[in-house]
Amino acid sequence: MALKIEKLSKRYDNRWALRDVELDVAEGEIFGIFGGTASGKTALLRVIAGIEKPNGGSVNFDGNGISFAEIEQPSGVTSLFRRKKSDSSSGEERIAAFRNSIAEHSGLILLDEPFCGIDAVERDRLINELQTAKQNGSTVIFASNDFEQIAAVCDRVAVLVKGEVAQIGFPQEVYENPASSAVAAIVGRNNLFTARRLTSTNADLPEFQTIEGSHRIVAQPTEKAALGAINQNVTLAIRPEQVSISFEASFPEDNILKAVVTAIRFLGPTTIIELDANGLRLESRVFRIVGLTVGEQCMIAMPPHRIQVLKN
(Lines give C-alpha, C1' and ligand atoms only; values in the text may rest on other atoms or scores of the structure.)
Protein backbone atom coordinates (compact mmCIF):
# COMPACT_ATOMS: atom_id res chain seq x y z
CA MET A 1 0.00 0.00 0.00
CA ALA A 2 1.62 3.26 -1.16
CA LEU A 3 1.10 6.41 0.91
CA LYS A 4 1.06 9.99 -0.35
CA ILE A 5 0.71 13.02 1.93
CA GLU A 6 0.31 16.53 0.52
CA LYS A 7 0.38 19.88 2.35
CA LEU A 8 -0.76 18.25 5.61
CA SER A 9 -1.21 20.63 8.55
CA LYS A 10 -2.52 20.11 12.06
CA ARG A 11 -3.14 22.70 14.76
CA TYR A 12 -3.95 22.31 18.46
CA ASP A 13 -5.47 25.59 19.71
CA ASN A 14 -2.91 28.21 18.63
CA ARG A 15 0.00 25.78 18.19
CA TRP A 16 0.83 24.21 14.85
CA ALA A 17 1.88 20.57 15.33
CA LEU A 18 2.33 20.01 11.58
CA ARG A 19 2.92 22.51 8.77
CA ASP A 20 2.66 21.59 5.07
CA VAL A 21 4.05 18.07 5.48
CA GLU A 22 4.60 16.25 2.18
CA LEU A 23 5.67 12.59 1.97
CA ASP A 24 5.70 9.81 -0.62
CA VAL A 25 6.10 6.32 0.83
CA ALA A 26 6.48 3.39 -1.54
CA GLU A 27 4.64 0.11 -1.13
CA GLY A 28 6.66 -2.35 0.95
CA GLU A 29 8.91 0.39 2.38
CA ILE A 30 9.79 0.89 6.04
CA PHE A 31 9.73 4.68 6.29
CA GLY A 32 11.04 6.47 9.38
CA ILE A 33 9.63 9.58 11.02
CA PHE A 34 12.34 11.05 13.23
CA GLY A 35 12.28 14.09 15.48
CA GLY A 36 12.72 15.36 19.00
CA THR A 37 10.08 16.05 21.63
CA ALA A 38 7.03 17.91 20.28
CA SER A 39 8.31 17.68 16.69
CA GLY A 40 4.98 16.38 15.38
CA LYS A 41 5.70 12.64 15.00
CA THR A 42 2.69 11.36 16.93
CA ALA A 43 0.38 14.01 15.48
CA LEU A 44 1.36 12.89 11.98
CA LEU A 45 0.66 9.23 12.73
CA ARG A 46 -2.66 10.03 14.38
CA VAL A 47 -3.82 11.95 11.30
CA ILE A 48 -2.71 9.12 8.99
CA ALA A 49 -4.54 6.64 11.27
CA GLY A 50 -7.75 8.67 11.03
CA ILE A 51 -7.76 9.43 14.77
CA GLU A 52 -7.28 13.18 14.25
CA LYS A 53 -8.70 15.57 11.68
CA PRO A 54 -6.12 17.73 9.91
CA ASN A 55 -6.52 21.47 9.39
CA GLY A 56 -5.46 21.16 5.79
CA GLY A 57 -3.92 18.86 3.23
CA SER A 58 -4.63 15.29 2.19
CA VAL A 59 -3.66 11.68 2.93
CA ASN A 60 -3.99 9.06 0.17
CA PHE A 61 -3.54 5.29 0.21
CA ASP A 62 -2.98 3.84 -3.25
CA GLY A 63 -4.71 6.87 -4.74
CA ASN A 64 -7.70 6.73 -2.39
CA GLY A 65 -8.08 9.69 -0.05
CA ILE A 66 -9.19 9.47 3.58
CA SER A 67 -12.49 11.09 4.45
CA PHE A 68 -12.25 12.89 7.78
CA ALA A 69 -15.99 13.54 7.99
CA GLU A 70 -16.17 10.73 10.55
CA ILE A 71 -13.06 9.86 12.53
CA GLU A 72 -12.27 6.18 12.13
CA GLN A 73 -9.22 4.16 11.21
CA PRO A 74 -9.18 3.53 7.45
CA SER A 75 -9.46 -0.03 6.20
CA GLY A 76 -6.11 -1.78 5.84
CA VAL A 77 -4.35 0.37 8.45
CA THR A 78 -2.99 -0.96 11.76
CA SER A 79 -1.58 1.42 14.37
CA LEU A 80 0.41 1.06 17.58
CA PHE A 81 0.63 4.11 19.85
CA ARG A 82 2.21 4.51 23.26
CA ARG A 83 -0.37 3.52 25.80
CA LYS A 84 -0.78 1.04 28.66
CA LYS A 85 -3.95 -1.02 29.02
CA SER A 86 -3.32 -3.60 31.73
CA ASP A 87 -1.36 -4.53 34.84
CA SER A 88 1.35 -6.26 32.81
CA SER A 89 4.69 -4.51 32.42
CA SER A 90 4.76 -1.86 29.74
CA GLY A 91 7.53 -3.79 27.93
CA GLU A 92 5.57 -7.06 27.84
CA GLU A 93 2.44 -5.27 26.71
CA ARG A 94 4.32 -3.43 24.00
CA ILE A 95 5.93 -6.61 22.65
CA ALA A 96 2.53 -8.32 22.45
CA ALA A 97 0.94 -5.29 20.78
CA PHE A 98 3.81 -5.05 18.30
CA ARG A 99 3.50 -8.71 17.31
CA ASN A 100 -0.28 -8.40 16.99
CA SER A 101 0.16 -5.43 14.65
CA ILE A 102 2.62 -7.34 12.48
CA ALA A 103 0.49 -10.50 12.49
CA GLU A 104 -2.51 -8.68 11.01
CA HIS A 105 -0.58 -8.24 7.73
CA SER A 106 -2.20 -4.86 7.10
CA GLY A 107 -1.36 -2.90 4.02
CA LEU A 108 -0.09 -0.04 6.21
CA ILE A 109 1.36 -0.41 9.72
CA LEU A 110 1.87 2.71 11.88
CA LEU A 111 4.32 2.35 14.78
CA ASP A 112 4.86 5.15 17.31
CA GLU A 113 7.97 4.54 19.47
CA PRO A 114 7.28 0.78 19.33
CA PHE A 115 10.45 -0.23 21.19
CA CYS A 116 10.00 2.06 24.21
CA GLY A 117 10.66 0.04 27.39
CA ILE A 118 11.97 -2.99 25.48
CA ASP A 119 15.50 -4.32 26.06
CA ALA A 120 18.09 -4.48 23.28
CA VAL A 121 17.98 -8.28 22.84
CA GLU A 122 14.21 -8.37 22.42
CA ARG A 123 14.33 -5.27 20.24
CA ASP A 124 16.66 -7.02 17.78
CA ARG A 125 14.21 -9.92 17.54
CA LEU A 126 11.34 -7.53 16.82
CA ILE A 127 13.38 -5.74 14.15
CA ASN A 128 13.83 -9.07 12.36
CA GLU A 129 10.07 -9.68 12.56
CA LEU A 130 9.46 -6.22 11.12
CA GLN A 131 11.75 -6.97 8.19
CA THR A 132 9.73 -10.15 7.58
CA ALA A 133 6.52 -8.10 7.52
CA LYS A 134 8.12 -5.86 4.90
CA GLN A 135 8.98 -8.90 2.78
CA ASN A 136 5.32 -9.94 3.01
CA GLY A 137 4.33 -6.65 1.36
CA SER A 138 3.40 -4.45 4.32
CA THR A 139 4.26 -0.75 4.24
CA VAL A 140 5.49 0.53 7.62
CA ILE A 141 5.69 4.03 9.09
CA PHE A 142 8.10 3.87 12.02
CA ALA A 143 8.24 6.95 14.29
CA SER A 144 11.00 7.33 16.88
CA ASN A 145 13.17 9.92 18.63
CA ASP A 146 16.07 7.41 18.63
CA PHE A 147 18.08 7.77 15.42
CA GLU A 148 19.99 4.54 16.02
CA GLN A 149 16.67 2.68 15.85
CA ILE A 150 15.73 4.58 12.70
CA ALA A 151 19.07 3.66 11.08
CA ALA A 152 18.69 -0.01 12.05
CA VAL A 153 15.10 -0.34 10.82
CA CYS A 154 14.21 2.14 8.08
CA ASP A 155 14.84 2.32 4.34
CA ARG A 156 14.37 6.10 4.32
CA VAL A 157 13.61 8.73 6.94
CA ALA A 158 11.93 12.13 7.18
CA VAL A 159 13.28 14.45 9.88
CA LEU A 160 10.64 16.64 11.54
CA VAL A 161 11.67 19.93 13.13
CA LYS A 162 8.88 21.94 14.77
CA GLY A 163 6.23 20.17 12.71
CA GLU A 164 7.93 20.67 9.33
CA VAL A 165 9.89 18.23 7.19
CA ALA A 166 13.48 19.43 7.39
CA GLN A 167 15.08 16.61 5.37
CA ILE A 168 14.22 13.30 3.68
CA GLY A 169 16.75 10.67 2.67
CA PHE A 170 18.49 7.43 3.50
CA PRO A 171 19.47 7.29 7.20
CA GLN A 172 23.19 7.23 6.38
CA GLU A 173 22.78 10.18 4.01
CA VAL A 174 20.92 12.23 6.64
CA TYR A 175 23.52 11.39 9.30
CA GLU A 176 26.53 12.18 7.14
CA ASN A 177 25.06 15.19 5.31
CA PRO A 178 22.48 16.99 7.46
CA ALA A 179 20.65 19.71 5.55
CA SER A 180 20.78 22.26 8.37
CA SER A 181 22.14 22.89 11.84
CA ALA A 182 18.70 21.97 13.24
CA VAL A 183 18.94 18.50 11.68
CA ALA A 184 22.59 18.08 12.63
CA ALA A 185 21.79 18.88 16.27
CA ILE A 186 19.27 16.06 16.70
CA VAL A 187 20.61 13.32 14.41
CA GLY A 188 23.26 11.86 16.72
CA ARG A 189 26.04 13.62 18.61
CA ASN A 190 27.63 16.48 16.73
CA ASN A 191 30.10 19.27 17.38
CA LEU A 192 28.36 22.46 16.24
CA PHE A 193 30.16 25.77 16.58
CA THR A 194 29.79 29.27 15.19
CA ALA A 195 32.41 30.78 12.89
CA ARG A 196 32.92 33.60 10.41
CA ARG A 197 34.38 33.11 6.94
CA LEU A 198 37.81 34.61 6.15
CA THR A 199 38.29 33.59 2.51
CA SER A 200 36.40 34.55 -0.65
CA THR A 201 33.65 32.40 -2.10
CA ASN A 202 36.08 31.33 -4.86
CA ALA A 203 38.49 29.63 -2.46
CA ASP A 204 38.88 25.88 -3.05
CA LEU A 205 38.76 25.25 0.70
CA PRO A 206 36.92 27.92 2.69
CA GLU A 207 38.65 29.13 5.85
CA PHE A 208 36.85 30.36 8.96
CA GLN A 209 37.61 31.82 12.37
CA THR A 210 35.66 30.33 15.25
CA ILE A 211 33.81 32.77 17.49
CA GLU A 212 34.79 30.77 20.58
CA GLY A 213 38.54 30.27 20.85
CA SER A 214 39.38 32.32 17.71
CA HIS A 215 40.75 29.28 15.87
CA ARG A 216 41.38 29.32 12.13
CA ILE A 217 39.53 26.33 10.65
CA VAL A 218 39.55 25.03 7.07
CA ALA A 219 36.33 23.29 5.97
CA GLN A 220 35.37 21.02 3.07
CA PRO A 221 34.57 22.46 -0.40
CA THR A 222 31.17 24.13 -0.11
CA GLU A 223 28.69 25.58 -2.58
CA LYS A 224 28.75 29.37 -2.70
CA ALA A 225 25.10 29.67 -1.70
CA ALA A 226 25.76 27.77 1.54
CA LEU A 227 28.70 30.01 2.51
CA GLY A 228 26.57 33.10 3.00
CA ALA A 229 27.93 36.63 3.25
CA ILE A 230 31.48 37.00 4.46
CA ASN A 231 30.38 39.19 7.39
CA GLN A 232 27.76 36.70 8.62
CA ASN A 233 28.22 33.87 11.07
CA VAL A 234 27.74 30.27 9.95
CA THR A 235 27.61 26.95 11.77
CA LEU A 236 30.41 24.43 11.31
CA ALA A 237 29.86 20.78 12.20
CA ILE A 238 32.02 17.71 12.75
CA ARG A 239 30.99 14.39 14.30
CA PRO A 240 32.83 13.32 17.49
CA GLU A 241 34.10 10.14 15.79
CA GLN A 242 35.83 12.34 13.20
CA VAL A 243 37.82 14.30 15.80
CA SER A 244 41.10 12.50 16.49
CA ILE A 245 43.27 12.92 19.59
CA SER A 246 47.08 12.86 19.63
CA PHE A 247 49.90 13.73 22.01
CA GLU A 248 52.27 14.50 19.16
CA ALA A 249 52.41 17.01 16.34
CA SER A 250 50.43 16.23 13.20
CA PHE A 251 49.75 17.75 9.81
CA PRO A 252 48.77 21.44 10.17
CA GLU A 253 46.30 21.13 7.32
CA ASP A 254 44.20 18.85 9.56
CA ASN A 255 43.10 21.81 11.72
CA ILE A 256 45.36 20.96 14.67
CA LEU A 257 44.30 22.54 17.99
CA LYS A 258 45.61 22.31 21.53
CA ALA A 259 42.95 21.15 23.97
CA VAL A 260 42.48 20.04 27.55
CA VAL A 261 40.48 16.96 28.49
CA THR A 262 37.56 18.11 30.67
CA ALA A 263 35.60 14.86 31.03
CA ILE A 264 35.66 11.20 30.01
CA ARG A 265 32.27 9.48 29.61
CA PHE A 266 32.18 5.70 29.17
CA LEU A 267 29.31 4.60 26.89
CA GLY A 268 29.99 0.87 26.55
CA PRO A 269 31.49 0.15 23.12
CA THR A 270 32.71 3.74 22.77
CA THR A 271 33.81 6.58 25.04
CA ILE A 272 33.13 10.30 24.67
CA ILE A 273 36.06 12.61 25.46
CA GLU A 274 35.03 16.19 26.26
CA LEU A 275 37.61 18.82 25.30
CA ASP A 276 38.23 22.53 25.76
CA ALA A 277 40.30 24.24 23.07
CA ASN A 278 40.71 27.75 24.48
CA GLY A 279 36.97 28.10 25.04
CA LEU A 280 35.85 26.04 22.03
CA ARG A 281 34.05 23.01 23.51
CA LEU A 282 34.31 19.80 21.47
CA GLU A 283 33.70 16.08 21.80
CA SER A 284 35.69 13.15 20.43
CA ARG A 285 34.37 9.58 20.27
CA VAL A 286 36.95 6.79 20.69
CA PHE A 287 36.80 3.01 21.00
CA ARG A 288 39.24 2.83 23.87
CA ILE A 289 41.28 5.15 26.07
CA VAL A 290 45.02 4.72 26.42
CA GLY A 291 46.88 7.01 28.84
CA LEU A 292 44.30 9.79 28.82
CA THR A 293 43.11 11.55 31.98
CA VAL A 294 40.97 14.54 32.87
CA GLY A 295 43.04 17.74 32.97
CA GLU A 296 45.63 16.45 30.51
CA GLN A 297 46.61 18.50 27.48
CA CYS A 298 46.52 16.94 24.03
CA MET A 299 46.35 17.83 20.36
CA ILE A 300 43.18 17.31 18.36
CA ALA A 301 42.80 17.09 14.60
CA MET A 302 39.70 17.95 12.56
CA PRO A 303 40.31 17.08 8.88
CA PRO A 304 38.85 19.74 6.56
CA HIS A 305 36.90 17.21 4.48
CA ARG A 306 35.00 16.25 7.67
CA ILE A 307 33.95 19.79 8.56
CA GLN A 308 30.60 20.84 7.10
CA VAL A 309 29.20 24.32 6.61
CA LEU A 310 25.52 24.28 7.61
CA LYS A 311 22.52 26.52 7.22
CA ASN A 312 21.41 28.07 10.51
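Leaving aside neighbours within four places in sequence, which residues is Ala-133 in contact with? Select Ala-133 and show its surroundings: the contacts are Ile-102 and Ser-138, where contact means heavy atoms within 4.5 Å.

Before going on, note that this is a predicted model, in which local features need pLDDT of at least 70, side-chain atom pairs count only at pLDDT 80 or more, and totals for chains, interfaces and linings use all residues. Residues are numbered from 1 along each chain as its sequence is written, and side-chain values use heavy atoms, with hydrogens and water left out.

**Stop 1: Ala-133**

Ala-133 lies in helix H3; helices (H or I, at least four residues) and strands (E, at least two) are DSSP runs, numbered from the N terminus. Ala-133 counts as buried because its relative accessibility is 2%. The classes are buried under 20% relative accessible area, exposed over 50%, and partly exposed in between, with a 1.4 Å probe and protein chains only. For a distance check, pick the C-alpha atoms of Ala-133 and Leu-267: they are 32 Å apart in space, and the residues are 134 apart in sequence.

**Stop 2: helix H2**

Select residues 90–103. This is helix H2, with 14 residues. From first C-alpha to last it reaches 20 Å, close to the 20 Å expected at 1.5 Å a residue; the expected span is 1.5 Å times one less than the number of residues. Colour Gly-91, Glu-93, Arg-94, Ile-95, Phe-98, Ser-101 and Ile-102, which are buried in H2. The buried residues of H2 pack against strand S6 (77–80), strand S7 (108–112) and helix H3 (120–135).

**Stop 3: Glu-122 and its partners**

Now show salt bridges, defined as a side-chain nitrogen of Lys or Arg within 4 Å of a carboxyl oxygen of Asp or Glu. The count comes to 12 salt bridges. Select Glu-122 and Arg-99: they form a salt bridge with the closest N and O atoms 3.0 Å apart. This pair links distant parts of the chain, with Glu-122 in helix H3 and Arg-99 in helix H2, 23 residues apart. Glu-122 is buried at 15% relative accessibility, whereas Arg-99 is partly exposed at 32%.

Glu-122 and Arg-125 are three residues apart in helix H3, so about one helical turn separates them.

**Stop 4: Arg-189 and Glu-283**

Finally, select Arg-189 and Glu-283, whose side chains meet in a salt bridge (2.9 Å, N to O). Arg-189 lies in the loop between helix H6 (181–186) and strand S11 (191–197) and Glu-283 in strand S18 (residues 280–286), so the pair ties together parts 94 residues apart in sequence.
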